[in-house]
Amino acid sequence: MLRQLALLQRTSVIVFQALYSWLDPTAYIIIKFVVPFFQMSFFVFLAKFTLGPDKLAYVAIGNAVQFVAFNTLMGVAITMSGEKWFGTLPVLLTTPASRLLMFTSRATVHVLDGMMGAVIGLLYAGLFFGVSFAQANLLTLVVVLFFASLTLTGLGLIIASLSLFIRDVNQIMNVAYLVVFLLCGINFPVEQLPVWLRPVAYVIPLTYGIEAARQSIAGAPLAAVGNQLLVMFILFLVEGVLGYYLFLQFERLAKRHGTLEVF
Amino acid sequence: MRRHFQVFRAAARASIEDYISQPLWPLFLTITPFAFALVGVVLYKDAPRAVFALYVILGSGAMGMWSSTLDGAGYSVGYDRIWGTIQYTFITPASQLWIMAGRSLIYTAVGLLTLVEILIVTALFFGVQLTIASPLAFLLAALLTFLAFAVIGLLLGSFFMLTRVAGHWQNAFSYSLYVFCGVMYPISVLPGWLRPVSYVLAPTWSLEAIRMSVNSGVLGDPRYLTNLGLTLLLLALYVLLAWYLQRVVEHRVRVNADLERM
Amino acid sequence: MSVIKTEELTRVYTTTRGFFKRQQFETVGVDHISFEVHEGELFGVLGPNGVGKTTTIKLLTTLLLPTAGRATVMGYDVARQPQAVRQHINVVYGGERGLYPRLTGRQNLLYAADLYGVEPSLARKRVAELLEMVGLADRADERAENYSRGMKQRLHIARGLVNDPPVIFLDEPTIGLDPEGAHFIRQRVKRMTGQGKTILLTTHDLWEADQLCDRIAILKKGKIIALDTPRGLRRIVGDLQVVEVETFGMSDSVQTELENALKDCFTSVAIYGPKQTVSIQTKEPAQVTAQAKRILADTQVLDLRVREQSLEDAYLRLMREVES
């Protein structure tokens, strides 16, 4: 077990370098600090005008936590798509277990980086948008953020599997992100969605993660969000397994139909 | 001058032809502003109909135009480099500025798609209601708003040619104008220290002028005229800046042999 | 009348390397080159890669400013009057890039015509003619991204003529083409001079330069090491001709006898199975021919001819000379 973990750690570091080598420091700073600032600002000010200053915290926290999706939804989809997957898949590692290792090491990077994104968002929320962390239960918050980031990777894998067939992974990824953005109770509660859309929100782990984050900032202990964390984890397992299965299927199909050249 | 218009028309036509060759592209270009505007639809749904129309519907148009213009500017400079087409246009007598202007016009126009999409959504679920008491004033302000985004696109194009890392700036600017120009909320909502940025952005003024035009007798209103005047002034400044940047680029390219490496 | 004229034209590239301690490196692109191209001439610039051919074109087409020296095209200074120069020129680059892939061939050409300010109705007519000329008329309305390499090059040629320029620059226009495609391009280029155009062509293909050009400038390390007609260039390295004899079944003893008799000349024998080709470089082809015929009286001679030294011989020798 220890050896597996060590291997995981080693491959993660390599993977991190490989994944982010195309991204120079300036690009990273812009994507991690500048873009989120403006995105958050827009919705916070919009909320300030339409809902009033007392509802700001709701929107600010929602927008902050959803930044995990940049990495665990979109990032995973990008790094698991086409050339990025097949190009770097070591020839030796072709067993399903090795595939799992490869995926896990990539996902680890994304989960941690995703948490970073949420933390930065929450910092903005505290510094600029008047969210008070005085009551916050930091332990709960950290655990919630970790779960929020981790559990979205299942969906990320599902989208990645779709991208094996479709040329432009960016578009699917973008659409998936926007769907999550609209449905997961980030700017308004899920109850305000039309009835037929609500089930979709309830199968996305982030919906629970955001609500749990709001609770933890209000001071809730870990036990209080236990149910949500459990649901998130179950969804993660289901979606992860489904994604994994789909991925292998599509990978096989893509090889057979020669759609790899599409990349 | 005739030559400049010919180049302008040619660049616009080439952009249209490019879009036609990938018909779903405009939809994808404007999908983010559409999604963001949908949030506006939900947050404003209980507001008076006039307020809804002024902020959500018009705002979505502005967001779409900005997103499309920004992406268009980045896209055209980026692809010119990838395709290697920039050398060719450089050695023709055509002015790079007029080429960019032609393209920018089309990119901005494509952004209006968001407005259409939100109009459809709103009409389906809520019904639209907006009476414009000063239609002429409205049209004038709307035209200027469109122009404002197109000229900003021109400026961005010049700027993106100057830097080798256009993609970074494209990302950095992506939602900035949503925040500063009062597209979906009045700029009075912004904290004092952020407002100066709003003031130097032309769409801030023209959007305000549009909102004023729902009232009657606005055409002679000094505040309305000031808004238009400021918009025009800023646009003139942008054009000047774009022209200057273009000259810098041309000189730099010829001295540094940057064109392919750009 | 010289259409293109360069005087001590020089271009130095400066690159900076290093983050904290910035160092500047200078590479010389072209080094004080001077030449003139006359009206209606097909002038070649020949040399290996990286020697300054593309730099020369970039300087003359106003893409680059010279570091020193000057150049004029149609009498206009390339540094100070770039717009005037651009009105009168066009450039054909080699390779796949430079076309708008999602536009059709026709749209690409019409766009270029507009950039040059060609009057629209004239442009439409001319584009149709050009497409016909380069053999793309039936595929003109397909997207350029679907064209083969050869088709793209043909489209480049068409674009080079879209404003009917008096001066055309071609930068390695046949690079990467199959022999048929390259031949087609060369034919078109040759035809352009027939129409009174002045052409400057860069290439690293000796045979192409020999075939097409009226005069050739050979570049090495940014300098012109030789400038003359192809014939003149061959004579630069000595007025030698080559007697070439093809024999069938020449015996070893005859071969030795031949080599001994022609000791003063540079002789080489190539063997292809039962056939042999003897190449004798000499200043006295008639004498050598007589000698060879005598010695080979009893051997089956398939062919005997006297040929000129090839440009390749001259070129290689020039390159080696400059080295030393």
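## Close-up views of a predicted model

**View 1. Chain A, read along the sequence, follows the pattern α-α-α-α-α-α-α-α-α-α-α-α.** The model shown in this and the following views is predicted. Chain A contains 12 helices and 0 strands. Of its 263 residues, 44% count as buried. Among contacts in chain A between residues at least 6 apart in sequence, those joining residues at least 24 apart make up 81%.

**View 2. Helix H2 of chain A, residues 25–50, carries a kink of about 35 degrees.** The kink in H2(A) is centred on Ile31(A). With 26 residues, H2(A) reaches 37 Å from its first C-alpha to its last, close to the 38 Å expected at 1.5 Å a residue. Gly52(A) follows H2(A) and has a positive phi, near 105 degrees.

**View 3. Helix H3 of chain A, residues 56–65, is largely enclosed by the rest of the structure.** This description applies because 7 of the 10 residues of H3(A) are buried. The buried residues in H3(A) are Val59(A), Ala60(A), Ile61(A), Gly62(A), Asn63(A), Ala64(A) and Val65(A).

**View 4. The contact between chains A and B takes 27 residues from chain A and 24 residues from chain B.** On the side of chain A that touches chain B, the elements giving two or more residues are H2 and helix H9 (169–183) of chain A. H2(A) gives the most to this side, with 17 residues. By class, the side of chain A that touches chain B has 18 nonpolar, 8 polar and 1 charged residues.

**View 5. The contact between chains B and C takes 24 residues from chain B and 23 residues from chain C.** Helix H1 (2–20), helix H5 (86–90) and helix H12 (222–256) of chain B each supply at least two residues of the side of chain B that touches chain C. The largest share of that side, 7 residues, comes from H1(B). Its residues divide into 12 nonpolar, 8 polar and 4 charged.

**View 6. An open sheet of 6 strands in chain C has the order E6-E7-E8-E3-E9-E10, with mixed pairing.** Strand E6 (89–93) and strand E10 (223–228) of chain C stand at the edges; each has a single partner strand, so one side of each is left without a neighbour in the sheet. From one strand to the next, the twist averages 15 degrees. Strand E3 (residues 42–46) and strand E9 (residues 215–220) of chain C pair in the parallel sense over 4 bridges. Within E9(C), Ile218(C) stands opposite Leu46(C). Helix H1 (residues 53–60) of chain C lies across E3, E6, E7, E8 and E9 of chain C, and runs at about 150 degrees to E7(C). Helix H5 (residues 149–160) of chain C also packs on the sheet, touching E6 and E7 of chain C, and its direction makes about 175 degrees with that of E6(C).

**View 7. Strand E14 of chain C, residues 300–308, lies largely in the open.** The number of buried residues among the 9 of E14(C) is 0, which is why the strand is described in this way. Strand E11 (residues 241–248) of chain C is joined to E14(C) by 8 bridges, and the two run antiparallel. Gln300(C) in E14(C) is the bridge partner of Phe248(C).

**View 8. Tyr272(C) is placed in strand E12 of chain C, residues 266–272.** Tyr272(C) counts as exposed because it has 8 C-beta neighbours inside 10 Å. Tyr272(C) and His88(C) are 184 residues apart in sequence and, C-alpha to C-alpha, 53 Å apart in space.

Notes
Residues are numbered from 1 along each chain as its sequence is written. Chains are lettered from A and ligands numbered from 1 in the order in which they are written. This is a predicted model: local features need pLDDT of at least 70, side-chain atom pairs count only at pLDDT 80 or more; totals for chains, interfaces and linings use all residues. A residue is buried if 20 or more other C-beta atoms lie within 10 Å of its own, exposed if 12 or fewer, and partly exposed in between; C-beta atoms are placed from the backbone. The expected span of a helix is 1.5 Å times one less than its number of residues. The bend at a residue is the angle between axes fitted to the seven residues ending there and the seven starting there. Two residues are in contact if their C-beta atoms, placed from the backbone, lie within 7 Å. Ala, Val, Leu, Ile, Met, Phe, Trp, Tyr, Cys and Pro count as nonpolar, Asp, Glu, Lys and Arg as charged, and the others, Gly among them, as polar. Two strands pair if DSSP finds at least two bridges between them. Axes are lines fitted to C-alpha atoms, for helices over the stretch in contact, and angles run from 0 to 180 degrees between N-to-C directions.
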